[in-house]
Amino acid sequence: MLTHCFKTLAVSAFRKKTALVILLAVLPPTLITLTLTASVTAVELLSEDLVRHLSGGALLLSREPVGRNCSRVSYGLATLVHGNASTTTPALYALDTEELSMIIGVDLVKEAGECPTPAVLLPQSLSSLEVHLPTYLEVMLGDVRLNVCAIQARLKAVNAPIIIGVLAPHTESGFLCFTDSASVGRQVTESVVSDLSQLASRYSLLVISAYVPALYLTTLKVFDEVKQEVYALGSLGVSRRRLTSAFTSFCSMAVLVVSLYSLFLGYVVLLLGRVILANLSTATFPAPVLGSHCLLLPVALSLLEAPLAYVVFQRGYYRVFS
């Protein structure tokens with residue numbers, strides 16, 4: 001009997017073209033979510049292609065050691081003061097001078113030269129103080145003020161002052177590691193793609209939540225189209241429980257089928273847009289990929305439709321038989 005009720009409602013709804021109404025309600029959130037997912041996938045594929053072309057070495061400052069060539073350092077902001085001139089800049093604090101010298105390829109103690117420790121080694125790019133080096137600068141580390149000998153050093157690999165022979169209050173502790181550029185690029189791109197994926201997921205949930213009223217109104221329209229069949233089945237002795245189950249199942253199944261159709265339609269539109277863009281310009285983008293995660297949206301909409309259809313039927317049942 002339940003199967004018969006389901007078929008009756010489905011045939012009636014199909015004849016009255018209610019699938020078009022459901023499509024108009026389901027298509028916008030499906031296309032928006034698919035576009036966001038395809039964009040994240042395209043960024044991920046392009047980033048992987050870019051990382052493959054990276055070569056050479058790179059210095060990476062990390063909270064955890066990356067590889068074997070690492071030196072434990074502290075890092076933070078330091079304010080360098082000389083007379084009336086001052087500058088605030090990120091700085092490194094060498095906890096192991098010999099180990100750090102091996103990592104950056106510069107003998108820090110030898111570079112300090114005439115400066116006794118504690119000393120601050122300034123890169124050539126830091127010329128805002130415009131002083132004759134070596135000289136003594138006042139270094140402000142949080143609330144601590146120290147007179148530190150300053151000298152210019154050949155720090156090609158590091159574009160920040162390196163302070164040696166002094167404790168580092170108000171700083172973070174981490175590792176300065178020498179690793180290959182591809183590894184650094186991969187970590188950066190993975191972090192960016194992860195942030196984009198989380199943003200896309202949250203935005204998709206927001207879009208689906210915003211379309212709940214539209215889905216509810218669509219269900220009301222579907223019920224109005226099949227209420228004559230509901231009245232006929234009820235008059236023949238079909239129980240209210242079976243009618244409720246049949247209507248709820250039909251609405252959920254219809255939303256699932258239409259969502260899958262919308263997903264496929266959106267995929268075709270993206271493919272067509274990629275072909276047109278390739279013909280109009282030199283830019284090329286990876287083809288959109290329909291993974292298993294894309295099926296989450298149709299399933300979510302179908303599950304969301306079930307309680308909406310139940311509420312609509314319970315409220316409409318009294319109007320039909322009153």
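Is cysteine 115 buried or exposed, and what is its relative accessible area? Cysteine 115 is buried, with a relative accessible area of 5%, where buried stands for under 20% relative accessible area, exposed for over 50% and partly exposed for what lies in between (1.4 Å probe, protein chains only).

## Basis of the model

This is a predicted model, in which local features need pLDDT of at least 70 and side-chain atom pairs count only at pLDDT 80 or more, while totals for chains, interfaces and linings use all residues. Residues are numbered from 1 along each chain as its sequence is written, and side-chain values use heavy atoms, with hydrogens and water left out.

## Disulfide between cysteine 115 and cysteine 149

The structure holds 2 disulfides, a disulfide being a pair of cysteine sulfur atoms within 2.5 Å. In one of them, the sulfur atoms of cysteine 115 and cysteine 149 lie 1.8 Å apart, and the link is left-handed, with -65° about the S-S bond. Cysteine 115 sits in the loop between helix H4 (108-112) and strand E4 (119-122), whereas cysteine 149 belongs to strand E6 (residues 144-152), so that distant parts of the chain, 34 residues apart, are linked; helices (H or I, at least four residues) and strands (E, at least two) are DSSP runs, numbered from the N terminus. Cysteine 149 also counts as buried, at 4% relative accessibility.

## Disulfide between cysteine 70 and cysteine 177

Cysteine 70 is joined to cysteine 177 with an S to S distance of 2.0 Å, and the torsion about this S-S bond is about 110°, so the disulfide is right-handed. Cysteine 70 is buried at 11% relative accessible area, and cysteine 177 is buried at 0%.
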